[in-house]
Amino acid sequence: MFSVSAFLESFGPLVWAARYTVLVSVLGIGLGLVIGALICAARLSGIAAFRWLAAVWVSFLRGVPLLVQLLLLYFLLPVIGINVPAIAAAVIAVGICASAYISEIWRGAIMALPKGQTEAATAIGMGYRDVWMRIILPQAVTMSLPALVNELILLVKASSLVSVVGIMEITRASQAQAATTFRPMEVYLAAAAIYLAINLCLAAVGRYLEHRMAV
């Protein structure tokens with residue numbers, strides 16, 4: 001039978017393990033934003049070689065599962081003489097994977113803007129930098145915000161994959177606890193509740209930012 005006490009007792013260790021889930025997700029999305037911006041710029045570049053390299057980057061990362069990317073990076077770095085903690089390898093892998101999707105989100109938002117705005121800004125004497133900083137980017141960021149929040153939520157769920165390299169995040173902690181308590185239903189329901197709480201908070205923050213930026 002379902003044990004309420006076992007369910008409630010599961011939250012302590014799992015909430016403690018959730019710090020790694022949040023850390024990997026937040027740092028991963030941060031790294032993904034930086035790399036994604038560079039890839040987006042390359043995709044929109046007038047240089048064909050840059051566009052081709054960026055397209056290959058996006059195609060590869062979207063075509064290969066995150067788990068495989070994580071394992072490749074985790075075992076490749078020591079081979080080439082770079083020894084990093086498992087948490088660092090996880091953040092890098094998540095960030096690189098996220099960059100492919102983020103670059104396409106931003107590229108789609110930029111390309112969706114009416115070209116007439118850029119032409120009008122240029123016609124009144126605005127420089128290239130001002131056009132991007134004052135016309136294109138503010139609108140692109142606002143338009144892409146819902147998709148970026150959705151990507152962060154997906155990363156939180158995908159972060160469970162980093163358990164394969166020994167990081168004691170929510171999923172790995174729940175597996176260990178289920179094995180010792182012999183209460184898998186209660187433990188995994190507690191893990192599901194924590195994931196749901198994290199993602200509901202992220203969705204709420206996303207709605208708040210959308211409202212503020214729309215004003």
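Which residues lie nearest the centre of the largest pocket? They are Ile-110, Lys-115, Thr-118, Trp-132 and Ile-136, out of a lining of 15 residues. This is a predicted model, in which local features need pLDDT of at least 70 and side-chain atom pairs count only at pLDDT 80 or more, while totals for chains, interfaces and linings use all residues. Residues are numbered from 1 along each chain as its sequence is written, and side-chain values use heavy atoms, with hydrogens and water left out.

**Overall build**

- The protein has 9 helices and 0 strands; helices (H or I, at least four residues) and strands (E, at least two) are DSSP runs, numbered from the N terminus.
- Along the sequence the pattern reads α-α-α-α-α-α-α-α-α.
- The C-alpha trace spans about 70 × 45 × 25 Å along its principal axes.
- Of the 215 residues, 38% count as buried; buried means under 20% relative accessible area, exposed over 50%, and partly exposed in between, with a 1.4 Å probe and protein chains only.
- Among contacts (heavy atoms within 4.5 Å) between residues at least 6 apart in sequence, 78% join residues at least 24 apart.

**Nonpolar cores**

- A nonpolar core is a set of buried Ala, Val, Leu, Ile, Met, Phe, Trp, Tyr and Cys residues joined through side-chain atoms within 4.5 Å.
- The largest such core holds 28 residues, and Val-24, Leu-70, Ala-90, Ile-102 and Val-162 touch the most other members.
- At least two residues of this core come from each of α2 (11–43), α4 (66–79), α5 (86–112) and α7 (128–158).
- The largest share, 10 residues, is supplied by α5.
- Ala-90 is in contact with Val-24, Leu-70, Val-162 and Ile-167, leaving aside its neighbours within four places in sequence.
- Another core lies apart from this one and has 14 residues, among them Ala-17, Ile-170, Ala-173 and Ala-190.

**Pockets**

- Rolling a probe the size of a water molecule over the atoms shows where empty space is left.
- On a 1 Å grid over the protein atoms alone, a pocket is an open set of points where a 1.4 Å probe fits, with protein on both sides within 12 Å along at least five of seven lines; lining residues have an atom within 4 Å of a point.
- The largest pocket has a volume of about 360 Å³, where a volume is the space filled by probe spheres set on the points, and points are joined across faces, edges and corners.
- Two or more lining residues of the largest pocket come from each of α5, α6 (115–123) and α7, and α7 gives the most, with 6 residues.
- The lining of the largest pocket divides into 10 nonpolar, 4 polar and 1 charged; Ala, Val, Leu, Ile, Met, Phe, Trp, Tyr, Cys and Pro count as nonpolar, Asp, Glu, Lys and Arg as charged, and the others, Gly among them, as polar.
- The second largest pocket holds about 250 Å³ of space, and its lining includes Leu-53, Trp-57, Gln-69 and Ile-96.
- For the second largest pocket, α3 (48–63), α4 and α5 each supply at least two lining residues, with α3 giving the most, 5 residues.
- The lining of the second largest pocket has 10 nonpolar residues, 1 polar and no charged.

**Aromatic pairs**

- The whole structure contains 3 aromatic pairs; rings of Phe, Tyr and Trp (its six-membered ring) pair if their centres lie within 6.5 Å, and planes under 30 degrees apart count as stacked, over 60 as edge-to-face and the rest as tilted.
- The ring centres of Phe-2 and Phe-7 are 5.8 Å apart and the planes stand at 45 degrees, so this pair is tilted.
- Tyr-74 and Phe-75 form an edge-to-face pair, 5.2 Å centre to centre with 80 degrees between the planes.
- Tyr-74 is partly exposed at 27% relative accessible area, whereas Phe-75 is exposed at 54%.
- Phe-2, Phe-7 and Phe-11 form one aromatic cluster, and Phe-2 is partly exposed at 39% relative accessible area.

**Single residues**

- Glu-186 lies in helix α9 and counts as buried at 3% relative accessibility.
- Not counting residues up to four places away in sequence, Glu-186 touches Met-1, Phe-2, Ser-3, Ala-6, Phe-7 and Ser-10.
- Most residues other than glycine have a negative phi.
- Phe-182 has a positive phi of about 60 degrees although it is not a glycine.
- Phe-182 sits in the loop between α8 (170–181) and α9 (184–214) and is exposed, with a relative accessible area of 69%.
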